[in-house]
Number of protein chains: 2
Amino acid sequence: MQTSSTLTRAETWRLLLLVGISLGVLANTFQGDGAPLIASISMALISFAVAFSMIRWLGPVFIKAGLKGKDMAKPRKPEIPETMGAVCAVVYLIALIVFIPFAFYKDIVAATSGGGNRDVVIEDQHIETGRYLHRFPHGKLASYLSGLLSLQSIVILGIGDDLLDIRWRHKVLIPAFAAVPMLIVYFVDFGVTHVVVPVPLQQYLGDFIDLGWLYYMYMAAVAIFCPNAINMLAGINGIEVAQSIVIAVLLLFNDAMYLAPITPYPHPATDSHLFSIYFLLPFIGVSAALLCHNWYPSKVFVGDTYCYFAGMVFAVVGILGHFSKTLLLLFVPQIFNFLYSTPQLFHVIPCPRHRLPKFNAATGLLDTSVTEWTVPPSPLIAMVLDLLEKFRLIRLVKNKEGQIVESTNLTILNLWLVWMGPMREDTLAWHMVGVQIACGLLGLFVRHRLALLVFNTDNRTFQSMA
Amino acid sequence: MQTSSTLTRAETWRLLLLVGISLGVLANTFQGDGAPLIASISMALISFAVAFSMIRWLGPVFIKAGLKGKDMAKPRKPEIPETMGAVCAVVYLIALIVFIPFAFYKDIVAATSGGGNRDVVIEDQHIETGRYLHRFPHGKLASYLSGLLSLQSIVILGIGDDLLDIRWRHKVLIPAFAAVPMLIVYFVDFGVTHVVVPVPLQQYLGDFIDLGWLYYMYMAAVAIFCPNAINMLAGINGIEVAQSIVIAVLLLFNDAMYLAPITPYPHPATDSHLFSIYFLLPFIGVSAALLCHNWYPSKVFVGDTYCYFAGMVFAVVGILGHFSKTLLLLFVPQIFNFLYSTPQLFHVIPCPRHRLPKFNAATGLLDTSVTEWTVPPSPLIAMVLDLLEKFRLIRLVKNKEGQIVESTNLTILNLWLVWMGPMREDTLAWHMVGVQIACGLLGLFVRHRLALLVFNTDNRTFQSMA
C-alpha cells in the first residue's frame, strides 16, 4: 500500500518511461536546424512527469509548513496541502527557460572586444525564410523573456497572496503589477499601438487607428481580467484547473489552425501562434499533472497562485501573440460569472466571505449557498430580485409576510445548481467543463466566421502582399 | 508615540520629499537621448523609500502569517518578523523592470504585417556612438532580462527555502537552478567562451583559450558560490546586509573607475560596467532600507531569501558584466569563512545545527560558540586541532586527562571573538564591516596593479585598436 506522498511502483515506471522517451526525442531536436514544435511537446511531457511527482512528494512538506486547508465539501472535512499551484508554476517556468535554446537560433558572435560587446555577429537569417516551423530569430527573444518575467512576477505575488492575508481590493491589482514587465518590454521593443478599424467605422476613422497609451491600458486590463476571472470561478474540486485546461486546449486548437496546411504560408501570424503554442504546451502538461491530484476527491488544493498563474499564461499569449480579442471570446463563462457577481461584488446585495456551493452531508450532494437577509431588501432591490427570479436567474425564499429572507449567491456555480438541482461535486465540475467547451467552440466559430461581417478578412486566410 | 508598524510623521515627510524629488529628476531623464545613470540614481532613492516603508508596514502582517523568529542574542529573546529580504527583493525587481525604458532605446517599428512581426525597424544606432553615457541598443536587452529572470528565480526559490524545511544538501543547489536562465540566454545570445591566457602560460596555450562548456561550469560555480557565501557569513544582527552593501559599494567603485575620465573612451568595458551600475544602485537602495531595520538591535530578520538574492545580484553583474574574477577578489572574507568551515561542513569535526556566537546574558556580550566532544577526537584530528590552536585559529578546552572536550566552532565570527575576546553584537558587526572593506580594497588594488604581472595590460587602460 503506497502512502499518500510516494509514487506507486507502476507510476514510477510509467513516468520514468515517459521522461526517458521525451528526453531522447528532445535531444534529437537540438541538432541542425532544430524542430522546436517537437521539442515543445517533449518538454510538456517531461513537465507533466516532474510536476506529477513533485506534487505527490511535497504534500507532507507543505502541510508541515502550514500550507494546508480543509475541504469543506466532504463528510470528514479532510485537511490537505494548499498552494500546490506554486509547484506547477515553478516546474513550468523551468521548462520554458530550458526551452530557450530549442526555440531560438544561436547568434554566433564572431568577434568581441571583450566585456560582452557583440562587435561582429553572424545571424542565421538565411535559414529562417526557407522553413515552415523554424526557430525564432533574436528579435523575439526579448518578447519571450518579458513573458517569462511577467509569469515569474505573478508567481511571487501569488505566493505572497496565499501566505499573507491580503484584502480583496488589493488582490485584484496583483496581476497589474505582474503585467508591468511585459508591457514595458512591449513599449521599448515593439511599441506598435495601432489597430485595424472595423469596416462600418472605417469611413469615420480610417483603416487604422493609433490608440497610443489607451492600447497599454487595454493590455493591462486584459492582464488584470484573466487571472481574476479564473480565480472567481473557483471553489469546487478541480474546477480551477479544468477550466484552465479547456481554455488552453481551445487556444492550442486556434493556434494549430494557423499552422495547418489549410492556411497559406508564409502567413504573418505564424510566428505569433507558434509562440503561443510554446507557452501553452508545457502549461497543459503541468496543469494535467495538477488535475490528477486536484480532481474530485481532491488530494491537494491549487491556491490563488495557480489561478493567477493560469490567467497570466493566457494574458501573455493573448497579448504577445496579438490575439487578445480571440482570447476574450474563450472567457465567456468567466465574463458571465463576473457580470452576474457584480451586485454582490459592489455590495448592492450582501456578500458573505465565501459563496461556494454548500455541501449537504445528508445527501452527499452540493446545493446552492445563500445570502440571508437579516434586514429585508429595499423595495427597489426586492423588485429586481423578483424580476431575476422570474427569469430563473436566482432562487428566493420568502417569509409569510412575503419578505425576502434568503437569496442564492450570484455565481455561475450556484446558478447552475438553481437550474439543474443539487448534484455531486464532480458532476458539477464536469458540467462546467461542458459549458466551457461549448462556449469556447462557439466563440472560435464567431471569431473565424462572423468576424467577416465587421472586418475585411479573417486574418487566418490573409494572403501575403509580398 | 509611533507603533512599530507605522512611519513617524518626520519619516513620512522625509521619505515623501525624497520620492518627490527623485520622481521629478526621473521624469526629466526620460526625454531626448535620456540620462540613464541619473535615472538609475533616482530609481535607487525611490527604491530606498518604498522598501523602507513597506518593511515597516508589513511587519505585523508577516508575524500574523507565521513568518517570525526569535532573536536569541537579546536578554528577552523578542519575536520579530522574518524573511523581510523578500520585500526588498520585490521592490528591487519592480525598480529594475520600470527602469528598462530609461536604459534602452525604443526601437521604432515603422512597418508591421501584424502579429508582432518587425518588418521594418529603425534603430537609433547613429546616436549611440556619439555619447558617453548612452542608452543601450537592443542587443543588450535579452542579457538584462535574463539577469532579471535569474534574480526572480532566486527570490521564488529563496521564499520556498524560508517556508519549507529544505535540507542543507539541497539548499546549496538552489542558486544553481536560479542561474539557469542567465546561462541559457548567454548561450543563445552571446556564447563567447574563450578567455585571455595569463602571460606565463601563453607560450603553451596561445593568447586565447576556448573553455567551451567548462566556461559554463565556471559561471554556474560563481552563481552557486556567491549566494551561499553570503548565507554562511550570517547569524548576528545586520551582518548579512552590511557585508552585501560593502561588496556592492566596492563593485560600484570599480565600475566608476571605468567610466571616470581617467579611463580612455571609447573603452570596450564601458557598457558592461554601466550595466553593472544599473543593477547595483537600486540594490544598495533597498539594502540600505533593510539595514535601517535590521541593524542592531534588529526589528526584522532578513531570511535566507535576502542572502540568496544579494549573492545572486553579485553573480549576475559579475557574469553578465564579464568581471567575475574581480568579483571573487571582493569575497575574500567569505572565501576564508567557507574554507575555515569545511572541517565542520564535511563532518570531520562535529557540526551543531547553529554555529553563531553565543549570547552571554550576564555580560550582555557575544562570545564564541563551541562544539562539545562527547567522544574525544581521534589522535589525528586532535593533533590537527592542537596545531590550529598553536596558530591561534581555534580555542580548545581540555579535561584533566588532556583530552579535548570543547573546540570553538569554525566560523569567521567565532575566530574573530577568539582573537579579540567577547564583545557587543553591534561591535562585532562593525568589525566585520571593517574587515570586509579592508580585504575588498586590497583585492581591487591587486586586481588593477598586480594583475599586470600575469596579464599584458590592465583592461582599464585598454587603448582602442580602431
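**The interface of chain B and chain A**

Tutor: Across the interface of chain B and chain A, two residue pairs are found in polar contact, both at pLDDT 80 or more. A polar contact is a pair of N or O atoms within 3.5 Å; within protein, one must be able to donate a hydrogen and the other to accept it, and residues adjacent in sequence count only if both atoms are side-chain atoms. The model is a predicted one, in which local features need pLDDT of at least 70 and side-chain atom pairs count only at pLDDT 80 or more, while totals for chains, interfaces and linings use all residues. Residues are numbered from 1 along each chain as its sequence is written, chains are lettered from A and ligands numbered from 1 in the order in which they are written, and side-chain values use heavy atoms, with hydrogens and water left out.

Salt bridges across this interface number zero; the rule asks for a side-chain nitrogen of Lys or Arg within 4 Å of a carboxyl oxygen of Asp or Glu. Chain B and chain A each bring 59 residues to the contact, where contact means heavy atoms within 4.5 Å. About 4,800 Å² is buried between the two chains, 73% of it on carbon and sulfur atoms. That figure is the accessible area (1.4 Å probe) that two parts lose on being put together, summed over both. Of the area that chain B buries against chain A, 13% is supplied by Ile156(B), Val188(B) and Phe190(B), more than by any other three residues.

Which elements of chain B give two or more residues to the side that touches chain A? They are helix H2 (36–64), helix H3 (85–98), helix H4 (100–103), helix H6 (141–163), helix H8 (174–189) and helix H12 (270–294). Helices (H or I, at least four residues) and strands (E, at least two) are DSSP runs, numbered from the N terminus. H6(B) makes the largest contribution to this side, 12 residues. By residue type, the side of chain B that touches chain A holds 36 nonpolar, 15 polar and eight charged residues. Here Ala, Val, Leu, Ile, Met, Phe, Trp, Tyr, Cys and Pro count as nonpolar, Asp, Glu, Lys and Arg as charged, and the others, Gly among them, as polar.

Chain B is superposed on chain A by a rotation of 180 degrees with 0.0 Å of shift along its axis, at an RMSD of 0.0 Å. The two copies are therefore related as by a two-fold rotation axis. In chain B, the C-alpha nearest that axis belongs to Ala142(B), at 2.6 Å. The same surface serves both copies, since 100% of the contact residues of chain B recur in chain A. The superposition is by least squares on the C-alpha atoms of residues with pLDDT of at least 70 in both copies.

Helix H2 of chain B also takes part in a link within its own chain. Glu11(B) and Arg56(B) meet in a salt bridge, 2.9 Å from N to O. Glu11(B) lies in helix H1 (residues 9–29) and Arg56(B) in helix H2, so the pair ties together parts that are 45 residues apart in sequence. Glu11(B) is buried at 17% relative accessible area, and Arg56(B) is likewise buried at 12%. Buried means under 20% relative accessible area, exposed over 50%, and partly exposed in between (1.4 Å probe, protein chains only).

Over all chains the salt bridges come to 16. One of them joins Arg395(A) to Asp367(A), with the closest N and O atoms 3.6 Å apart. Arg395(A) sits in the loop between helix H16 (379–390) and strand E10 (396–398), whereas Asp367(A) belongs to strand E8 (residues 365–367), 28 residues away. Arg395(A) is partly exposed at 32%, as is Asp367(A) at 25%. Elsewhere in chain A, Asp71(A), Lys74(A) and Glu425(A) are linked in a network of salt bridges.

As for the chain as a whole, chain A has 18 helices and 11 strands, and 54% of its 466 residues are buried. Among contacts in chain A with a separation of 6 or more, 72% join residues 24 or more positions apart. Leu251(A), in helix H11 (residues 239–259), is buried with a relative accessible area of 0%. Not counting residues up to four places away in sequence, Leu251(A) touches Leu280(A), Phe314(A), Val317(A), Phe323(A), Leu327(A) and Leu330(A).
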